[in-house]
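Thanks for coming. I will go through one model today, chain by chain, and then the contact between the chains.

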Amino acid sequence: MMFFCGLLLGAAAAWAVGAALERRRRQRLGRFLSHAAHEINTPITAINITVLNLLSGVFGPIPPDQLKWIEMMREQLGRLNGMVGDLRDFIHLSLNRDLLIRSDSVDPREIITEAVALAKRGSDRSDIVADVPAALPQVCADRDRMVRILSGLLFHARKFRASGDLRLSAQPAPGAVLVRVSYLGQAIPASEVACSLELLYPSYLRKGHTLNSVGLGLGVHRALVQKQGADLSFQVAPDGDSTLTLRLAEAVEGGRPAMLD
Amino acid sequence: MAKKTLILIVEDDAVISENLKALMEARGFTAVCAADGAAGLVLARKNKPALVLLDIMLPKMDGFDVCRMLKTSPGTKDIRIIMITGLERMGDVEKAFASGADDYIIKPFDPVRMFKKIEKFVTPD
């Protein structure tokens, strides 16, 4: 009896030590990857501000035939920056690190304006048609993340549209504001649509299977909007008419900014 | 000629600080740069800028310490301080306010939003 009790205690102690070591390893890995994301962010910031200074004429006028190339750099930098942000948040989500999400009262039109600016192509090639009312209720969101997520949805729509413009609309709904990104894409099965909102969807590559994913995928965006009390859904009609809908929770009057974990 | 409003940029990445300086000057401010926390502290005490754009992760002395020292010293406590951080370090925002910062901006910079924050405190002359 004593022998078995000793065995059990020994096994329990070994398990506890193993769990503690694993926890420490994950913490260290999380810190390392977070540091890596910070280091990657620094050159992106440097290139980004140089491009923005070029475009705004801080360094003098740009020859018109060079403008579109610099605009393209800005667009690709926006994508790169978005992906680094998604990767960093994915690391926090998957390693259970503290993911500090702000919860501010934000005008959704500001989120839309900034996301369109990030995703728009050169000024002569705008393919986003926006239909946004002059006034909308304030919503509760982590503004910078929501801008990144909405611009990510626009990049997704641009990649998978079959023809036509990208349509961006916003409208109030009970307790929320609905922001929709619509485009004419390919008809894809409902099961694939649902699957594409899963966190690890880009890893589901199968033979003859086309991934409905750009960047780190819609799953990361959905996980992040849900952390903000919002939601992301995706519908595809049989004719390929596709809509990504962000449901942003209306801000409570008198609510104070907060950090959500 | 009227003296222009001075902004001190404390940032260790030379490309970022030179671009910020050019951007501030195009807006009508004057700007000086420091590449580490200790140099930033010396320049702030010497030049008494109206505002400091202060990175957090700096060599020699981090941005929190620079901010705390400026805000607790009688000669520099009225200098406005905007801390610069990355979104992956949002926990730093709380620490920035605790060390006395007036506001923060997040990298990569959006110049429109950055000037909105700066011009809450100072305007170009």
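Before the layout, the term for the elements: helices (H or I, at least four residues) and strands (E, at least two) are DSSP runs, numbered from the N terminus. On that basis, chain A reads α-α-β-α-β-β-α-β-β-α-α-β-β-β along the sequence, with 6 helices and 8 strands.

Some housekeeping. This is a predicted model, in which local features need pLDDT of at least 70 and side-chain atom pairs count only at pLDDT 80 or more, while totals for chains, interfaces and linings use all residues. Residues are numbered from 1 along each chain as its sequence is written, chains are lettered from A, and ligands are numbered from 1, in the order in which they are written.

Confidence next. pLDDT is the predictor's confidence in each residue, from 0 to 100. Chain A averages 86, and 92% of its residues score at least 70. The exception I want to point out is residues 256-261 of chain A, where the pLDDT is below 50. Beyond near neighbours in sequence, that stretch still has 11 contacts in the model, a contact being two residues whose C-beta atoms, placed from the backbone, lie within 7 Å. Where pLDDT is low, the predicted coordinates should not be read in detail. Chain B has a mean pLDDT of 91, with 94% of its residues at 70 or more. For the model as a whole, ipTM is 0.83 and pTM is 0.78.

Now chain A in more detail. Along the principal axes, its C-alpha atoms fill a box of roughly 85 × 50 × 45 Å. Of the contacts in chain A with a separation of 6 or more, 72% are between residues 24 or more positions apart.

How much of chain A is buried? The cut-offs count other C-beta atoms within 10 Å of a residue's own, all placed from the backbone: buried is 20 or more, exposed is 12 or fewer, and partly exposed is in between. Buried residues make up 31% of the 261 residues in chain A. Helix α4(A) is mostly covered, with 14 of its 18 residues buried. This helix, residues 143-160, reaches 26 Å from its first C-alpha to its last, close to the 26 Å expected at 1.5 Å a residue; the expected span is 1.5 Å times one less than the number of residues.

Arg79(A) lies in helix α2 of chain A. Arg79(A) counts as partly exposed because it has 16 C-beta neighbours inside 10 Å.

Strands β6 (residues 231-236) and β7 (residues 241-249) of chain A pair in the antiparallel sense over 6 bridges; two strands pair if DSSP finds at least two bridges between them. Asp231(A) stands opposite Arg247(A) in β7(A). The hairpin has 4 residues between the strands, and Gly240(A) in the turn has a positive phi of about 95°.

On to chain B. An open sheet of 5 strands has the order β2-β1-β3-β4-β5, with parallel pairing. The edge strands are β2 (30-34) and β5 (103-107) of chain B, each pairing on one side only. Strand β4 (residues 80-86) of chain B is joined to β5(B) by 5 bridges, and within that pair Ile82(B) has Asp103(B) as its bridge partner.

The peptide bond from Lys107(B) to Pro108(B) is cis, with omega near -15°; Pro108(B) is in the loop between β5 and α5 (111-121) of chain B. Lys48(B), in the loop between α2 (37-47) and β3 of chain B, is not a glycine but has a positive phi of about 45°. Lys60(B), likewise not a glycine, has a positive phi of about 70° and is in the loop between β3 and α3 (63-71) of chain B. Lys48(B) is partly exposed, with 13 other C-beta atoms within 10 Å, and Lys60(B) is partly exposed with 14.

Last, the contact between the chains. Which residues does it take from each side? It takes 22 residues from chain A and 19 residues from chain B. On the chain A side, the elements giving two or more residues are α1 (2-55) and α2 (64-94), and α1(A) gives the most, with 13 residues.
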